[in-house]
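I opened this model to look up its salt bridges. My notes follow the structure.

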Amino acid sequence: MAHQVRAVVARGKGAPVSLETIVVPDPGPGEALVKVEACGVCHTDLHYREGGINDDFPFLLGHEAAGVVEAVGEGVTDVAPGDFVILNWRAVCGQCRACLRGRPWYCFDTHNARQKMTLLDGSELTPALGIGAFAEKTLVAAGQCTKVDPAASAAAAGLLGCGVMAGIGAAINTGGVERGDSVAVIGCGGVGDAAVVGARLAGAAKIIAVDVDDRKLVTARKVGATHTVNSRDTDAVEAIRELTGGFGADVVIEAVGRPETYRQAFYARDLAGTVVLVGVPTPEMKLELPLLDVFGRGGALKSSWYGDCLPSRDFPMLVDLHLQGRLDLDAFVTETIALDEVEKAFERMHGGDVLRSVVIL
């Protein structure tokens with residue numbers, strides 16, 4: 001049986017999204033049908049709408065979501081109807097070379113649903129990051145569902161499905177922040193602020209937030225930054241060095257995804273320090289660094305894929321921390337909106353007015 005539901009669709013590059021009726025099939029083998037309860041509006045969705053990911057239009061947008069499993073297909077045992085789940089876009093396969101070497105967070109063959117969701121005319125939809133959760137229901141691979149404590153609100157829990165997990169993981173998993181470390185975070189949107197939170201959770205002694213918007217720096221302080229730098233007025237590299245005894249930070253997290261901010265991160269770290277790129281660049285961007293500086297400064301230059309998370313390990317743990325009052329996920333929810341307000345949320349995102357708009361269904 002197919003399900004006709006309302007969903008947000010992007011039909012063409014740069015065109016406003018539209019609220020349409022789509023067709024979602026019943027789950028086949030290895031698949032799950034999820035009734036979406038909440039979905040965050042992530043900058044990656046805007047990238048899709050603007051053609052910055054690829055041109056496989058029409059897109060079914062939305063990927064940062066939580067909901068309840070409504071039905072599962074043959075062979076699914078990890079989740080069952082009625083389970084409250086967070087959706088993830090890196091469902092590990094268990095069989096690729098990364099998984100077999102005990103590094104499933106690097107899985108090179110992640111799963112998505114095999115069946116296609118479609119428009120009413122039969123046109124196949126491309127779900128954002130293999131999820132497509134700006135919809136009343138969506139079809140995913142069962143491995144994309146991670147069961148968590150249903151005591152958490154869907155609006156808060158769903159943010160772990162992308163942005164908050166990416167930031168926390170960039171600090172803890174990729175950056176390996178340890179007790180007493182100095183950490184700088186360049187770019188204080190939702191992912192950057194989550195990196196601040198991750199550094200605080202890991203016990204960093206000094207957390208320096210860098211942005212060009214004083215409003216964002218105020219928020220960064222609220223979630224755990226010990227120092228802030230407005231790089232519109234101040235040289236970020238010099239400011240970070242001054243705040244770290246002239247040496248630079250042990251870990252610098254770049255949460256913007258631009259060559260100029262990456263260069264700041266590179267030169268703002270201490271010798272043998274770590275740079276973590278978690279901001280998403282666009283295809284045309286190029287980076288040029290003196291190779292001698294790369295060699296001479298030592299340390300590590302890392303990219304963080306989804307915060308190098310393992311959803312089955314990290315999502316339940318972070319939800320538990322939230323329910324214990326040790327991780328304020330609600331602080332990332334600036335506003336809740338209806339399904340037909342996604343385009344307006346994109347406009348507010350451009351203005352820097354929100355950490356996250358969250359669609360409630």
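**Salt bridges**

Arg215 forms a salt bridge with Asp213, 2.8 Å from N to O. For a salt bridge I took a side-chain nitrogen of Lys or Arg within 4 Å of a carboxyl oxygen of Asp or Glu. Asp213 counts as buried, at 16% relative accessibility.

I noted the basis of the values. This is a predicted model, in which local features need pLDDT of at least 70 and side-chain atom pairs count only at pLDDT 80 or more, while totals for chains, interfaces and linings use all residues. Residues are numbered from 1 along each chain as its sequence is written, and side-chain values use heavy atoms, with hydrogens and water left out.

I then searched the whole structure and found twelve salt bridges. One of them joins Arg49 and Glu343, with the closest N and O atoms 2.4 Å apart. Arg49 is in helix α1 (residues 43-49) and Glu343 in helix α11 (residues 342-351), so this pair ties together parts 294 residues apart in sequence. Helices here are DSSP runs (H or I, at least four residues), numbered from the N terminus. I found both Arg49 and Glu343 buried. A network of salt bridges links Arg49, Glu50 and Glu343.

I also looked up Asp314, which meets Arg313 in a salt bridge of 2.7 Å, N to O. Asp314 is buried, with a relative accessible area of 3%, whereas Arg313 is partly exposed at 37%.

Technical notes
Helices (H or I, at least four residues) and strands (E, at least two) are DSSP runs, numbered from the N terminus. Buried means under 20% relative accessible area, exposed over 50%, partly exposed in between (1.4 Å probe, protein chains only).
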